[in-house]
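Trainee: Please show me the model, and then let us go through it by question and answer.

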Amino acid sequence: MALRTISAKSAAALDQELMSTGGFSIDQLMELAGLSVSQALFRLQPLSKGKRILVACGPGNNGGDGLVAARHLYYYGYQPTVYYPKQSKSELYQRLKKQLEDLQVPFTEDFTSALQNTDHIIDAIFGFSFSGEVREPFPKVIEALASTKIPVLAVDAPSSWDIEDGPREDGPGKGFMPPALISLTAPKPLVKCFKGTHFIGGRFLSPSVAEKYGLDIPKYEGLDQVVEVPVENGKL
C-alpha cells in the first residue's frame, strides 16, 4: 500500500490542529504514540528473543514518546533501561519520568555500557522537528547506533537524518540505517531513503483531518496500533 508523506512543517501544523480544534491533549497524543512504538518493538523483538530494551530519549516530544514506550514495555514483561541525558523540566516529562521511577525502571548516563547489555534499542532521540547539527552528548550516541549490530527501532526518523532528504553524508549520522522505523501519524519524506522494516503508528486521525492534509489512514486490524508497510528498494 503506497502512503503519502507529510512534511515537517505540515506535521507540526497537524499536531497543533489535533490539540486545538481536534480536542486532543499533548498527553493523549504522546501516550498513543508511545503505545504504538511499544507495539512495534513487540513485533520486532518477542520476549522469547530477549527482554532487555535500551530506550535512548532526546529532550523533545520524540523523547517523550520513548518514555511512554518504556513504561508499556515494562508492563509487557520487558526490562527497559532509559538513557535520557537532556531531561526536560516540563511537568509532562517529569511525570513520565516519575512513572518509570515508580516501576524501578533504571536510568543510565553511560550509553556505551548500556549498549553492551541490551537486546534491542529504541532510538527516540530526534523526531520530525530536528534540524541543524547534532549537539552533545548525542554525536557519540548516534555514532554508536550507526555501528552497532544490535537491532535498532527508530521513532519517526532515524536520529540525525534530514527529514526531507534522509541520511547525512557526513557527521555522526553517516551510514546510519536502522533495521526498523516507525512513522508516527504519517510517513515523512525521508522514508524514500529507508530500506528496513517500516511501521505506521498513531491511530487517532479522523477521516476529515486525513483528507485535509492529504494523508492515507492505513487499515489497522483489531486492537493493533501499528501497521507494517512494505518497503521496496527504499521506496514506499
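Mentor: Gly77 comes after helix 3 and has a positive phi, near 115 degrees. Helices (H or I, at least four residues) and strands (E, at least two) are DSSP runs, numbered from the N terminus. This is a predicted model: local features need pLDDT of at least 70, side-chain atom pairs count only at pLDDT 80 or more, and totals for chains, interfaces and linings use all residues. Residues are numbered from 1 along each chain as its sequence is written, and side-chain values use heavy atoms, with hydrogens and water left out.

Trainee: Is Val105 buried or exposed?

Mentor: Buried means under 20% relative accessible area, exposed over 50%, and partly exposed in between (1.4 Å probe, protein chains only). Val105 lies in the loop between helix 4 (91–102) and strand 3. Its relative accessibility is 5%, so Val105 counts as buried.

Trainee: Which strands stand at the edges of the sheet?

Mentor: Two strands pair if DSSP finds at least two bridges between them. Eight strands form an open sheet with mixed pairing, in the order 3-2-1-4-5-6-7-8. One side of each edge strand lacks a neighbour in the sheet, because each has a single partner strand: these are strand 3 (107–108) and strand 8 (226–229).
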